[in-house]
Amino acid sequence: MRKIVQIHPGEGKALAWSWLYVFSLFLAYYILRPIREELGVAGGVNNLPWLFTGTLIAMTVINPLFAWVVKRWPRERFIAIAYRFFMLNLVAFMLLLMNATPEQHVWIGRAFFIWVSVFNLFVISVFWSFMVDVFSGEQAKRVFGFLATGATVGGIAGSALTSGLVERLGQTWLLLISIVLLEVAVFATRRLSGISDAFKRPIERREGHEPVGGGLLAGITHTFRSPYLLGIAIFILCYAVTSTILYFQQATIAEQYFADRAARTAFFADISLWVNCITLGVQLFLTGRIMQWLGVALTLCAMPMMSMLGFAGLATFPGIGLFVVFQVVRNVSNYALTRPAREVLFTAVSREDRYKTKNFIDTVVYRGGDQIAAWSYAGLLAIGLSLTGIAAIAVPLSAIWLILGVWLGRRQQRWESTGLVTVEGK
């Protein structure tokens with residue numbers, strides 16, 4: 001273990017429970033993800049922009065409710081409340097899908113698509129907020145890459161499980177497995193909250209078990225008040241826009257090449273399986289070392305750089321083979337490098353911003369990017385622009401994204417050395 005990650009005294013148990021926490025979450029999500037993709041395609045690719053609109057509306061409604069829960073209860077309590085709320089939702093979807101007619105199945109599938117899109121960003125954002133609250137900036141550089149392996153292994157297991165069992169069990173009973181896994185995550189949260197006190201200062205121990213407090217709209221106001229937080233928001237907006245462009249192309253390919261529901265579900269699961277297998281190797285042996293050797297700025301830029309090259313390739317040599325390669329390489333660079341580095345950025349902000357502002361950026365801003373890309377994509381197709389033309393438009397956007405990543409990484413490094421970055425960005 002010590003050859004893979006540098007563990008200091010008192011960190012071992014906390015790291016183990018953190019790993020179990022993220023593993024359980026991603027195993028649950030990757031069981032649900034292929035089901036979401038299939039139900040989204042079954043409802044018609046042309047209807048996907050409306051589903052993204054519904055997702056943004058749902059995110060906007062839930063965000064202040066989450067801020068209220070964060071304000072009122074300590075972290076282990078509000079995390080349990082949030083996750084068990086999603087567990088009850090899954091029970092409801094199980095019952096609906098088991099008794100649905102074909103026509104009802106389409107509408108339930110659309111609702112499920114929106115729900116998983118909310119669930120995905122929400123529970124994962126809460127996890128990383130908790131990690132940023134538990135581990136310092138110095139610890140984050142050492143251990144976040146290893147924690148990301150929990151997400152990857154969960155993704156591998158979830159993709160393989162869904163691909164292998166969907167025809168035997170059907171989509172409905174796979175939801176039950178996700179419910180159990182979410183309860184495992186809640187248990188890991190409680191354990192981690194107490195164990196992490198071992199390497200905290202007394203004042204940090206007290207804060208960790210107290211409600212965060214603050215205002216319900218603090219996440220929104222702080223984002224636009226701080227150049228640093230606004231920069232993170234735009235960085236994630238660029239990620240969301242480019243991801244949605246690729247998502248629509250993937251949905252179109254699946255609709256063209258696979259007519260059977262189970263085959264489409266397996267196709268989506270297989271792509272995820274390849275991504276996660278390659279990502280795991282990078283995370284285990286390279287992520288932590290790269291982040292310490294190159295710093296946050298260069299590590300943060302891995303995915304924008306891959307996106308520039310990939311979109312340029314699709315604009316020049318379009319095809320399913322190149323698309324799959326691009327999708328895999330891009331996602332590997334995200335999960336293994338850019339995502340861990342992105343989370344380190346939040347070690348430079350206040351505790352309130354680690355939960356409220358981060359959640360607002362990770363959910364509402366992210367889905368806002370989805371919304372912009374979804375309707376822009378539909379509009380560009382409507383005026384006759386081809387898939388290669390849309391890919392060409394994404395190249396300069398990726399270049400802007402790359403420059404922003406360099407700036408954010410340097411600001412975080414400045415904070416780490418001087419402590420000058422605050423919520424006001426001074």
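**Notebook: a predicted helical chain**

I began with Q412, which is found in helix α13 (residues 387-418); helices (H or I, at least four residues) and strands (E, at least two) are DSSP runs, numbered from the N terminus. Before going on, I noted that this is a predicted model, in which local features need pLDDT of at least 70 and side-chain atom pairs count only at pLDDT 80 or more, while totals for chains, interfaces and linings use all residues. I also noted that residues are numbered from 1 along each chain as its sequence is written, and that side-chain values use heavy atoms, with hydrogens and water left out.

Is Q412 buried or exposed? I found that Q412 is buried, with a relative accessible area of 0%, where buried means under 20% relative accessible area, exposed over 50% and partly exposed in between (1.4 Å probe, protein chains only). I then looked up its contacts (heavy atoms within 4.5 Å), and, leaving aside neighbours within four places in sequence, Q412 touches K141, Y228, V296, V344, L345 and T347.

Next I turned to the whole chain, which has 13 helices and zero strands. Of its 426 residues, 59% are buried. When I took contacts between residues at least 6 apart in sequence, I saw that 88% of them join residues at least 24 apart.

For overall size, I read that the C-alpha trace spans about 60 × 45 × 45 Å along its principal axes. The radius of gyration (taken over C-alpha atoms; the globule rule is 2.2 Å times the number of residues to the power 0.38) is 21 Å for the protein chain, which agrees with the value near 22 Å that a compact globule of 426 residues would have.

My last entry is on aromatic rings. How many aromatic pairs does the structure hold? I found 30 aromatic pairs, counting rings of Phe, Tyr and Trp (its six-membered ring) whose centres lie within 6.5 Å, with planes under 30 degrees apart called stacked, over 60 edge-to-face and the rest tilted. One of them joins W115 and F119, which are stacked at 5.0 Å centre to centre with 10° between the planes. These two residues are four apart in helix α4 (residues 102-134), so about one helical turn separates W115 from F119, and both W115 and F119 are buried.
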